[in-house]
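Welcome, and please open the structure in your viewer. We will go from stop to stop, selecting a few residues at a time.

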Amino acid sequence: MQVPAPVEYARAISVEHAIGLLGRLGEEARLIAGGHSLLPMMKLRLANPEYLVDINDLHAELGYIEVGPTEVRLGAMTRHRELLESDPLAAVCPIFRDAERVIADPPVRNRGTLGGALCQADPSEDLSSVCTALDASCVIQGADGVRVVPMDDFHRGPYETAVGHAEILTEVRIPIRPGGSSAYAKVDRRAGDWAVVAAGAALWLDEHATIADARVGLAAVGPHTTHLPEVSRALRGREPSEAAWELAGGIAASACRPVTDSRGSADYKRHLAGELTRRTLRTAWERARERGGASWR
Amino acid sequence: MTTTTPMGHGRMLRKEDRRFVRGRGRYVDDLQLPGMLHLAVLRSPVAHARIVSIDTLAAEAHPKVKAVVTGAMLAERGLAWMPTLSGDRQAVLATDKVRFQGQEVAFVVAEDRYSARDALELIDVEYDLLEPVVDVRRALDPDAALIRDDVPGKTDNHCFDWETGDAAAAEAVFARAEVVVRQELVFPRVHPAPMETCGAVADYDRIEEKLTLWSTTQAPHAHRTLLSMFAGIPEHRIRVVSPDIGGGFGNKVPVYPGYVHAIVGSIMTGRPVKWTEDRTENLVASGFARDYVMQGEIAATREGRILAVRSHVLADHGAFNGTAAPRKFPGGFFGVFTGSYDIEAAYCSMTAVHTNKAPGGVAYACSFRIAEAVYLVERLVDMLAAELDRDPVSLRMQNFIRPDQFPYTSRTGWVYDSGDYPRAMELALQIAGYDELRAEQAERRARGAGEPLMGIGVSFFTEAVGAGPRKDMDMLGLGMADGCELRVHPTGSAVVRISVQTQGQGHETTFAQLIAEELGLHPDDVDVVHGDTDSTPYGLGTYGSRSTPVSGAAAVLAARRVRDKAQLIAAGMLEVAPDDLEWSTAQGGGRFDVRGVPGSGVTIQEVAMRAHGAGDLPDGVEGGLDAQISYNPDNLTYPFGAYICVVDIDPGTAVVTVRRFIAVDDCGTRINEMIVEGQIHGGLTDGIGMALMEFIGFDEHGNCLGGSLMDYLIPTALEVPDWETGTTVTPAPDHPIGAKGVGESATVGSPPAVVNAVIDALAPYGVRHADMPLTPSRVWEAMQGRAAPPF
């Protein structure tokens with residue numbers, strides 16, 4: 001049995017309470033949600049917080065999936081399993097179901113949360129690239145109020161986010177634009193493993209069935225989730241086609257910054273970045289076309 | 001009597017599962033003794049360094065710490081080094097240097113396991129870093145750092161040399177051969193990774209001067225003898241208990257420093273001391289497996305007649321040679337690398353070296369290195385088939401040892417006991433629908449782009465298990481015999497005590513079935529006792545698939561001895577000559593009847609009551625109905641099998657999916673087919689793990705990169721197909737019921753089938769070989785023509 005270092009523990013009963021506890025306990029306090037990233041690090045004594053503020057009691061307050069006409073709002077305490085099983089969410093953002101099916105295993109998904117995944121900011125983490133592809137924004141609450149940060153500004157580096165001390169991520173907002181769909185693909189060495197490379201793509205068609213916008217987010221090919229604005233620029237206004245996906249895949253392969261490690265060589269990861277970009281864009285387009293009906297064929 | 005049909009009560013459910021499925025198994029870590037203390041081990045963070053100083057003052061000052069022990073303290077008692085099973089020595093705690101990352105440097109005994117672990121953080125060790133030896137291929141370079149400067153006169157990292165076969169004869173054949181195929185094959189370091197890590201509870205009674213050690217051991221008797229010789233405690237004052245064991249796979253054969261720490265801790269404190277390894281400690285510091293770099297060569301005629309196999313092996317044994325293998329076999333049973341083929345010549349030379357890596361070297365269900373040997377020859381045969389443009393099945397069929405050649409003496413001196421290889425191969429082809437699979441493959445290849453790359457891999461293995469004959473095999477001078485003690489109670493139920501220890505193999509069921517079959521009892525009426533040196537006869541334990549070949553034979557012979565005695569008693573009861581009696585087990589009940597007069601006689605239960613009763617017994621027959629046996633096998637047993645693996649590879653991502661796996665196993669007479677199949681399923685899963693994902697790697701500093709189950713991947717149900725198994729039965733001629741060992745067959749036979757399938761799938765890319773583990777990245781590199789071995 002691996003044993004963490006001694007740690008003090010408190011349970012928060014509201015967001016305000018959690019923020020108050022963090023403020024009072026100082027820099028050595030950490031929030032714990034599902035715990036599936038933090039606890040293994042504590043057991044290996046890679047993380048040694050002095051205090052844990054448990055926010056699992058906030059699930060009633062922060063565990064929700066609200067699908068509106070122009071926006072999806074996801075509470076930060078929404079569990080992976082809830083994201084996986086939500087039909088309304090899958091209807092507008094099928095990328096979530098794609099991703100959740102390949103995140104870890106059922107025990108982890110029963111416990112792990114959206115907010116925990118984003119705040120852990122592991123460079124191989126899946127939901128960060130999902131949210132990047134969807135152009136999501138993060139709602140961060142502190143003692144002085146609430147601020148909204150786009151995904152592109154949320155990640156500061158590996159394991160580092162815009163969430164400051166005595167702040168808490170409370171909600172993720174995803175804009176819903178017409179004519180869009182999304183997809184996620186991941187290559188791992190074994191079910192439940194971290195990604196060798198993963199890609200999330202979202203794509204929007206205009207009334208002429210050409211590409212109004214497209215976004216790609218890559219996991220595990222850089223210090224943090226890689227957003228590729230070059231892909232968006234290249235695809236906007238273009239006809240959906242194999243040539244378009246090829247172009248985007250080429251951009252993804254050359255723009256990412258993978259390193260060789262036990263999951264694979266940098267060359268292979270670069271290849272996958274291209275391959276998975278092509279695959280997810282193609283799937284997202286096919287889904288968007290199905291939703292748009294026969295007029296887009 | 002041998003039989004080709006399973007034993008009575010063949011597929012009965014496992015008796016031990018009554019407790020396991022209720023969560024009532026009792027493992028070492030479940031043990032709670034009054035006043036028990038807890039031990040934690042401080043391990044080296046670096047691979048190679050001189051220890052400058054160790055400051056334990058702060059740890060000793062921890063309020064819950066009872067003792068802090070360093071190598072220097074052990075050295076004062078002569079306990080700093082202990083013998084390994086292969087005649088080397090290993091540091092119990094490092095005194096001079098640390099020689100691998102994870103090596104034991106100090107230990108703490110405290111009131112609870114949390115305090116023990118916390119106190120490790122308070123020990124301050126100053127290391128003077130040395131150059132680590134990580135790359136096995138550089139270990140003998142003149143400028144390589146010397147690892148074993150503890151051995152007087154040692155000037156390099158050489159561990160041992162070994163050879164087998166006839167170098168000159170092999171050279172002569174290779175010189176004139178029409179076709180020669182050569183390939184370097186790396187079988188990388190892997191780990192058994194049992195679900196239960198290693199641990200012990202030591203309880204030294206200072207009044208009785210008696211040590212009780214509960215430990216995770218596959219060989220309690222051998223451990224008792226070793227501990228006695230090493231620690232100087234008389235053997236009769238040591239009791240080793242191996243309770244329920246959560247998987248062994250060879251990982252629990254060695255004596256680990258942690259066991260000794262617990263013993264020393266208990267002697268020092270006068271209280272029971274528990275040590276339980278955590279997952280990282282198990283993966284980083286306990287017995288690994290494989291780690292062979294093999295230069296393989298195969299010679300043949302253009303018509304496909306295999307003439308010779310030759311290999312040179314560079315073996316990485318880590319910092320200490322902790323291999324568990326019979327003394328005369330430092331390379332284990334690698335000598336069976338000639339495989340299942342009738343060839344003219346064979347030769348193998350082996351050089352073993354030390355590196356700054358964890359010691360060990362044989363663990364993991366390999367039958368003493370047969371996994372490596374089978375991988376070598378089965379890859380070479382496949383490469384030869386590719387070279388000759390031959391179907392890999394027909395090439396194997398052409399070269400098999402024929403059924404009429406058994407017993408067959410191989411070119412390296414192994415006497416294969418029995419076999420019918422074509423029959424097993426044909427059954428596998430039939431289950432697989434081999435011709436249809438090849439047709440589908442051709443069709444997919446013709447369709448070209450976008451299709452999954454389909455591969456069909458074949459392997460055929462012969463194992464040599466059940467070590468072993470006294471004349472050839474011992475470990476540290478201990479003969480590899482096993483004992484059995486059988487007592488039939490007055491009411492006709494029985495207890496059988498055996499010297500082998502189950503770790504999940506179902507001994508409590510199969511040994512009951514063996515006794516029940518021989519005595520005409522119900523298996524539920526036979527209790528199996530094992531794992532406690534105070535209550536079982538001496539024997540060398542469970543590894544190398546030896547339980548059924550050795551201890552199983554002992555059990556059968558003990559039961560037959562009891563039955564012989566029962567016949568004398570029954571003759572007295574019926575007032576006839578013993579030879580006039582006929583034994584039968586119709587309707588499952590054993591009885592003696594007067595020949596030709598069914599129903600005239602007595603049941604085994606009636607005989608048992610008479611044996612313990614007040615009535616007269618025949619002259620010269622003692623009361624009671626017991627027997628004891630120590631069984632020395634005459635030969636090993638040679639199970640074999642034909643495996644076919646079908647894979648699909650995504651051409652875009654290079655991800656390998658195992659679509660089907662067909663395994664036909666012949667392990668002679670089967671006792672409980674369900675248990676045999678379970679062992680095969682487990683071994684096949686092991687094989688897919690080794691072929692596709694398992695790998696203990698190191699960085700250039702000697703840091704172990706496989707220190708958690710997030711880094712060291714083992715397969716799940718999602719990576720394996722529904723196994724398709726088949727059976728042929730060729731009884732073992734030297735075993736009393738014709739049974740052969742099977743515990744490791746599938747682990748040994750499956751890796752080459754998977755690798756051969758992947759290479760077959762990549763044939764359109766011109767790939768000849770790629771080393772395990774065939775991760776998506778390595779498969780993709782192979783498709784690009786630049787796969788590198790896993791160093």
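Before the first stop, one term: a crossing of two helices is left-handed if the near helix is turned anticlockwise from the far one by less than a right angle, and right-handed if clockwise. Keep in mind, too, that this is a predicted model.

**Stop 1: two helices in chain A**

Select residues 94–101 of chain A, which form helix H6, and residues 126–133 of chain A, which form helix H9. Their axes lie 10 Å apart and the packing angle is about 165 degrees. Angles over 145 degrees count as roughly antiparallel, and H6(A) and H9(A) are therefore roughly antiparallel to each other. Show the side chains next. From H6(A) come Ile95(A), Phe96(A) and Ala99(A), and they meet Asp126(A), Leu127(A), Val130(A) and Ala133(A) of H9(A). Sorted by class, this contact has six nonpolar residues, no polar ones and one charged residue.

**Stop 2: a pair in chain B**

Move to chain B and select helix H10 (residues 392–399) together with helix H11 (residues 421–432). Here the axes come within 10 Å and cross at roughly 165 degrees, which makes H10(B) roughly antiparallel to H11(B). Which hand does the crossing of H10(B) and H11(B) have? H10(B) passes H11(B) in a left-handed crossing. At the contact, Val393(B), Arg396(B) and Met397(B) of H10(B) meet Pro422(B), Met425(B) and Leu429(B) of H11(B). Five of the residues in this contact are nonpolar, none is polar and one is charged.

**Stop 3**

Back in chain A, pick Ala18(A), which sits in helix H1 (residues 15–25). Is Ala18(A) buried or exposed? A residue is buried if 20 or more other C-beta atoms lie within 10 Å of its own; Ala18(A) has 26, so Ala18(A) is buried. Among the residues that Ala18(A) touches are Leu31(A), Val53(A) and Ile168(A).

**Stop 4: the core**

The largest nonpolar core has 339 residues, and Ala252(A) and Val758(B) are among those with the most contacts inside it. Centre on Ala252(A) and look for its contacts, including Val216(A), Leu228(A) and Thr277(A).

**Stop 5: where the chains touch**

Finally, show both chains: 19 residues of chain A are in contact with 25 residues of chain B. On the chain A side, helix H13 (residues 266–292) gives the most, with four residues. That side has nine nonpolar, six polar and four charged residues.

Definitions and conventions. Residues are numbered from 1 along each chain as its sequence is written. Chains are lettered from A and ligands numbered from 1 in the order in which they are written. This is a predicted model: local features need pLDDT of at least 70, side-chain atom pairs count only at pLDDT 80 or more; totals for chains, interfaces and linings use all residues. A nonpolar core is a set of buried Ala, Val, Leu, Ile, Met, Phe, Trp, Tyr and Cys residues joined through C-beta atoms within 7 Å. A residue is buried if 20 or more other C-beta atoms lie within 10 Å of its own, exposed if 12 or fewer, and partly exposed in between; C-beta atoms are placed from the backbone. Two residues are in contact if their C-beta atoms, placed from the backbone, lie within 7 Å. Axes are lines fitted to C-alpha atoms, for helices over the stretch in contact, and angles run from 0 to 180 degrees between N-to-C directions. Angles under 35 degrees count as roughly parallel, over 145 as roughly antiparallel, 65 to 115 as roughly perpendicular and the rest as oblique. Ala, Val, Leu, Ile, Met, Phe, Trp, Tyr, Cys and Pro count as nonpolar, Asp, Glu, Lys and Arg as charged, and the others, Gly among them, as polar. Lists of a residue's contacts leave out its neighbours within four places in sequence.
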